[in-house]
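Hi,

Here is the structure I promised to pass on. Have a look at it first, and my notes follow below.

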Amino acid sequence: MGTLVEPALLLLLWQSVWALDIPLEVRQPPTIIKQSMKEHIVDPKDTMVIECEAKGNPHPIFSWRRNGKYFNVARDSQASMRRRSGTLDIYAKNNPEQYEAEYQCIASNEYGSAYSNKIRLQLYSKEILEPVVVSAGLPLVLSCDPPPGPPKPETYWMSSSFPTMQAVRPDRRVSMGVNGDLYFSNVLINDSVADYCCNARFPYKNVIQQKMPVVVKVLTTRTVAEAAPTWLSPTGSSSSILVLQGEELLLECIAAGMPTPRITWTKDGEDLAVTSRMKVKNFNKMIQIPKASFDDVGEYTCAATNRLGYIEHTITVRVKAAPFWLEKPTDLILAPEENGRLVCRSDGAPRPTISWSINGEPIETADPQPNRQVSGDTLIFRSVSASNTAVYQCNASNQFGYLLANAFVNVLHATPRILGPRNELTKVIEGSHALLDCRYFGSPVPELRWSKYGQGNLEGNRFKTHSNGTLEIKRIRIEDQGTYLCIISNIAGRDENQVRIEVKEPIIIVTKPQSMKVMRGTDVRLECGVKADITTPVTTNWLKNKKHVTLGWRISLDESNLVITNVNRGDEGNYTCVIKNELDQKSASAHLMVMDRPNPPTNLELSDPYERTVRLSWVPGDSNHSPITGKMQYDDDDWLPGKWRNLSTYPGTLNSVILHLAPFSYYEFRVIAINEIGASRPSRPSTRFQTSGAPPDVIPKNLKGVGTWRNNMEISWEPLTYREWNGPKLKYLVWWRRRDSREEWKNATTKWLKYYIYDADTFTPYELKVQAVNDFGMGPESPVVIGYSGEDRPIAAPLNLRVSDIESTQVTVHWDTVTRGSIMGELKEYKVYYWRDSSQLRWHWVNRAMKSKSFPDDVPEPSGTVTNLIPYSNYKMYIVVANNRYEGPPSNSIHFSTPEGVPSAPTSFRIQQRHLDSIYVDWDLPAEPNGIITGYSLKYQTVNATRGEELRVEEFPPNTTSFSIRRYDRYTRYRFSVAARTRLGLGEWHTEESPHYTTESNLLLSLCINTIGLVENKHFEDQVDITTQGWFIGIMCAVALIVLILLIVCFIKRSRGGKYPGTTACSLDKRKPLKALSWPAMMKRSDSDDSLVEYGEGGEIPFNEDGSFIGQYTGTRRDVRELDFGGSLELHSPMNTIYSLA
């Protein structure tokens, strides 16, 4: 085999090839400018896109071949081709597998046809995977089968256990193979998770394909059997790998076994020498060579070892080469009668064969042309003509691949032209290289010449003209500033273009930032002084670890200097000051070191497990220049996920400690490093660990016995926490016996937190104790406690219930206790039941709701006080005895009456205006008279008067409930307070202020409301205030008018004749209004026209034999109409309204 051409030589050959840039406005054959990769992998759920773009003049027409045959896109309902493009869009909703094929795009115009690579379309599908069941200790392989490349997708595995999902971390036991499969050298119980899922990422598409998840169930056994090493990948004792030169070479050896085997490597019988081109990865299980060469050929041997055995596997590596370009054919622009050649040089192992095609047709079958000749890898043209214009394809192939290149030959006659912008201004920095572009086109190829100010020819020394027309000036100076002229010419004509150069001073950093080491929380200033050309403004940028610094309230710029306040660990790094303008850029760097909290420890491992201990080891994190102390935390099953508790603190010099733990518990550990600045972040948790079991150490708490029925007892206690079980199948052993008896202890075992004893005597004491029991033994017994069986209903009632010290609102109660035996349980209390039977005012309605009050039996002579009684009322009462469950029978009821008290506030207090110069007030009886009402007191005083009128007090008899006062003016307001009185004194005051009365309409409204008040007071004994019901004023006035008409008819009827001579309730003295007759005085009873209140003030009223009132005949009663109260005091009757309306 010949020696292959090295890549450095390839670069030189490629650089020597040059062709003119052809403007698109020039007529030319097609050129493929964009196409999909040869191996094209798509997801059938998405739109499948096969790209093909080309340029040419005229614009090309596109067509496709599928598996070497013409593909009629227009007749396929699930495929379409984009407008003015060859890109295929396939919407394969039905049977997408039919589109898995080899596709080739053809772009054609009248000058030729260009062909794309053959694109192989592959689908990536998912299949449903059945759960995998495996016993602990055995090996396991989970298949991934990712789609092939190129490029090869990146595969990784994820495991999920609700509610988290995380990447599978490889270790000595768990590996991800080169083929994407997941290998377990031996399976542990912790490997049982909800599912494992393989993911394939395609970098060139930035797309991730996910395989259906697979569930792994691990069966546990009492002991895990050890096993000697066996190969999982590759299998057998030998294998071979063929790799192409320049491609990635991956050698892996994954072994199964218990304990996990260790892997070592040799090459050609000697220890493997790891070079810079080679990486040993995946815990020594894989060798990676990014770019394979012929030096990597040989025999590689991997060995797997554990304490039960040793095995070897030999991998033979062969290196071949797919075709690669040495010189790729490029487009030719030729004038008629010119000569030219297309060169197609390639190499490979084995050496590739070269074939030529014209517009996709093999050159052997194309029309022969005498001026065209194939000479090995070169196609030669002599004295070309328009018939030689076409697109030529070169195919270089061997058994490992192929190369396809399109190059057109365009025969035309074109005047020279300069392409691109004209008369440009170019600014350059002194001492740099300047490149002046002059892209041109013409046929034949024009001659090119550069000059300064149109004089001479610039070539040699610091000036160099490149074949594409660019003028390079090396180490430019200030004197090089000026105007340069580019001139091109051929037999068809000439063209020229000017380029002007300005030379600027370079940027110089005069003050560079200095490296420093600071404490966290201090302020830092990184200086960066600069000198630059005054005509070109500069900008300052700061980079941290090659990334732009984000400015904010803590990081700011002071001119070109960077200021960082309150630095923290995240501010540490390499800072670079970048000064640049439109032409130049300079930078200077410094390192900032921040003393901060330590980094968290890593690689936590558990070893040496015993009944209640385990050894924990870790790798300490960076101390960040401060001594470390360590703190241990743990998490167990008693806590919610993420809840950690502190275990212990250790010196920072340790990296391995023995931990003392509780039995039969699952633990996870993490370590926190601490220095004088603070604590690190917690380490990653250790693997889950379970301690072995032991008998319980804890006594159940809060043991008690309580009866729930008369002949049983419920024994209960608090449960042990799961961490206190110390073993599986926790139960409780309960012991009991009668107190002060010689009987043996009885016991029972239960898994519940209660146990019931039946057929017990009522309220009998028992001795109780309890202890916890698991599969490893019995725990300590609890102290003996006393419990009682159930209680029954008391059989006796307290005797001799009596009261004393009767007051208006409270009374003292006395009773005789019952015997302990009749309580049938523990005495809880004596409870008195009482209720208000009636009021001593026969007409007053009362609420007979029953109330109660409890009294503990803690005094020799039991008694208690019942409060919150209502004065002047008749009460009934009885008493019972109660234990913790029942009340006993009631005692005999007793009766008692409370004396008079002071009354509550009068109700329905109203303020009205009947005339423009007077205010009228009235009220009703108190809700609770609490005795016999003997009168009312009224206080009033002006509110808004400026002369400060004194407070006035008026006293009224019990049958007077209204009052009238004359105002000084219509704007004067009053504050009124009214209270009722019994013989014990005044009761509560009711206070209100008069509203604003300023118009006649207010007067009429007040008059209407006053009339409604007549109807309300008719049923005052029911204590109902109708004005509070929200009726509309108009409806109220209508009702009042009807009532007045009925009253007038009644008065007229009485005036025409009655039962008795004299003045009746309906008679009127038309010569004089009834000034002192109030409505309560007229209608005090609802079932008789005669009223007791009219004939006295609470005294005895004599009766005749026929039942009529003596006072009506004798005239001994003083008529209220004859009273004279004087001043502005005026007592009103309902007839005042009638006279006002008249």
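One part of this predicted model is an open sheet of 3 strands, antiparallel in pairing and ordered β51-β56-β55. Strands here are DSSP runs of E with at least two residues, numbered from the N terminus, and two of them pair if DSSP finds at least two bridges between them. At the edges stand β51 (524–526) and β55 (555–558); each has a single partner strand, so one side of each is left without a neighbour in the sheet. From one strand to the next, the twist averages 25°, with axes fitted as lines to C-alpha atoms and angles running from 0 to 180 degrees between N-to-C directions. Strand β56 (residues 561–564) runs antiparallel to β51 and is joined to it by 3 bridges. L526 has L562 in β56 as its bridge partner.

The other spot is Y756, in strand β70 (residues 754–757). Y756 counts as partly exposed because its relative accessibility is 32% (buried is under 20%, exposed over 50%, partly exposed in between, with a 1.4 Å probe and protein chains only). Leaving out residues up to four places away in sequence, Y756 touches T708, N712, M713 and E714, a contact being heavy atoms within 4.5 Å. G705 is 51 residues from Y756 in sequence, and their C-alpha atoms are 9.2 Å apart.

Residues are numbered from 1 along each chain as its sequence is written, and side-chain values use heavy atoms, without hydrogens or water. Local features need pLDDT of at least 70 and side-chain atom pairs count only at pLDDT 80 or more, while totals for chains, interfaces and linings use all residues.

Best wishes

Methods. Helix = DSSP H or I, 4+ residues; strand = E, 2+ residues; numbered from the N terminus.
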